[in-house]
Amino acid sequence: MSTLPGGTQVPVRAAADVAAPPLYRQAPLTVALVAANVLVFLAEAASSGFVGLAAMPSAVLHAFGGNEVAATLYEHRYETLLTSCFVHASIVHLTFNMVALVLIGPPVERAAGAARMAPLYLLAGIAGSSGSTFFGWLSGAQRLSVGASGAICGLAGAAVVIGWRLDGRKSPLMRAMAGWLVAIFVLGAVVSFRFLFGGPNGGFDNAAHAAGALAGASIAAGWRRGVAYTKGASGWVVVLCACVCLGAGIRVARITLTDPLASLGVDGRLAYAARAIDDGRCHDARVAIVSLKRLAPGAPEVRLIERNYRDRCGL
């Protein structure tokens with residue numbers, strides 16, 4: 001109890017009664033996105049027999065909608081620009097991204113609302129995947145891109161704009177998010193440099209990070225202040241975004257289940273064609289070779305496997 005002037009006593013609420021609401025009430029969309037990413041990773045892990053927790057096999061990443069440059073461009077697998085944002089290459093990859101999403105998502109969701117954040121997240125993710133695809137096309141390398149980091153960098157880019165518009169250049173939110181983005185780009189450059197000169201191809205995808213951040217900042221800059229969605233309209237926007245993700249996922253599942261080559265990159269298809277030739281399965285070999293000529297038409301390995309096919313199958 002607390003005594004007011006005049007002797008009147010009023011009850012004082014306990015600290016627990018005024019504590020901040022749980023995260024699922026503060027930022028339900030952020031929680032839903034984390035749950036979606038975790039569920040997809042669990043499905044990946046189950047598909048790999050739980051041997052891919054440290055490093056998911058590339059076939060699994062392809063099967064679940066990873067963004068391979070050649071397949072995206074030359075087999076028109078544009079749905080993977082979105083689905084790849086929910087696919088992760090390891091438990092460490094997933095954990096890093098989900099911690100970042102829990103830290104960055106709630107401030108954006110509280111400031112902008114779920115109806116703005118949901119399309120922002122998807123569009124920034126698609127922009128990040130597109131940036132990665134463009135960079136891979138320029139370099140001419142086989143490139144498989146997965147992970148939510150492009151979309152998360154889009155949230156960070158949006159948070160920079162939100163902080164600037166609310167509090168100017170001294171905004172704590174703007175400074176924190178700008179610092180986080182700089183740290184991601186620097187870490188990405190260091191890790192990629194290490195992989196380039198000290199190990200297999202891999203590392204952080206800074207092309208996706210940059211494209212996602214720029215997309216997020218651009219979208220947030222176009223938001224009109226003082227305009228709010230009704231609760232009903234907000235719900236419909238989020239449902240529509242969920243339907244877009246579901247549709248992309250269904251397309252990936254249909255192609256994976258009906259096309260044995262869909263879960264294979266160039267190297268995998270070369271191996272598949274070689275096995276088919278050795279086993280006398282000339283039709284399967286021909287299908288694989290046709291797909292290889294789409295993905296890597298000038299590769300000497302493709303010309304070699306086609307020559308072997310003609311020698312063995314007489315076609």
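Buried means under 20% relative accessible area, exposed means over 50%, and partly exposed lies in between (1.4 Å probe, protein chains only). This is a predicted model: local features need pLDDT of at least 70, side-chain atom pairs count only at pLDDT 80 or more, and totals for chains, interfaces and linings use all residues. Residues are numbered from 1 along each chain as its sequence is written, and side-chain values use heavy atoms, with hydrogens and water left out. Helices (H or I, at least four residues) and strands (E, at least two) are DSSP runs, numbered from the N terminus.

Phe50 is exposed, with a relative accessible area of 51%. The loop between H2 and H3 holds Phe50. Phi of Phe50 is near 60°, a positive value in a residue other than glycine. Ile91 belongs to helix H6 and is partly exposed, at a relative accessible area of 37%.

His76 is not a glycine, yet has a positive phi of about 60°. The residue is in the loop between helix H4 (69-74) and H5. His76 counts as partly exposed, at 47% relative accessibility.

**View C. The aromatic pair Phe86–Tyr121.**
The structure holds two aromatic pairs. Phe86 and Tyr121 form a tilted one: 6.4 Å centre to centre, with 55° between the planes. The pair links distant parts of the chain, 35 residues apart. Phe86 is in the loop between helix H5 (80-83) and helix H6 (91-112), and Tyr121 is in helix H7 (residues 114-139). Both residues, Phe86 and Tyr121, are buried. Rings of Phe, Tyr and Trp (its six-membered ring) pair if their centres lie within 6.5 Å; planes under 30 degrees apart count as stacked, over 60 as edge-to-face and the rest as tilted.

**View D. The largest nonpolar core.**
This core has 43 residues. Leu33, Phe86, Leu101, Val108, Tyr121, Ile152 and Leu155 touch the most other members. Helices that each supply at least two residues include helix H2 (28-47), helix H3 (58-63), helix H9 (172-198) and helix H11 (231-258). H8 gives the most to this core, with nine residues. A nonpolar core is a set of buried Ala, Val, Leu, Ile, Met, Phe, Trp, Tyr and Cys residues joined through side-chain atoms within 4.5 Å. In soluble globular proteins, nonpolar side chains tend to be buried together.

**View E. Cys85 and Gly65.**
Cys85 is in the loop between H5 and H6. At 3% relative accessibility, Cys85 counts as buried. Cys85 and Gly65 are 20 residues apart in sequence and 8.8 Å apart in space, C-alpha to C-alpha.

**View F. The salt bridge Asp205–Arg143.**
A salt bridge is a side-chain nitrogen of Lys or Arg within 4 Å of a carboxyl oxygen of Asp or Glu. By this rule there are 11 salt bridges. In one of them, the side chains of Asp205 and Arg143 meet at 2.7 Å, N to O. Asp205 lies in the loop between H9 and H10 and Arg143 in the loop between H7 and strand E4 (144-145), so the pair ties together parts that are 62 residues apart in sequence. Asp205 and Arg143 are buried.

**View G. The salt bridge Arg312–Asp278.**
Arg312 and Asp278 meet through their side chains in a salt bridge (3.6 Å, N to O). Arg312 is in helix H14 (residues 300-313) and Asp278 in helix H12 (residues 266-278), so the pair ties together parts 34 residues apart in sequence. Arg312 and Asp278 are exposed.

The side chains of Glu306 and Arg286 form a salt bridge (3.9 Å, N to O). Glu306 lies in helix H14 and Arg286 in helix H13 (residues 282-295), so the pair ties together parts 20 residues apart in sequence. Glu306 counts as buried at 10% relative accessibility, whereas Arg286 is partly exposed at 33%. Salt bridges that share partners join Arg286, Lys293, Glu306 and Arg310 into one network.
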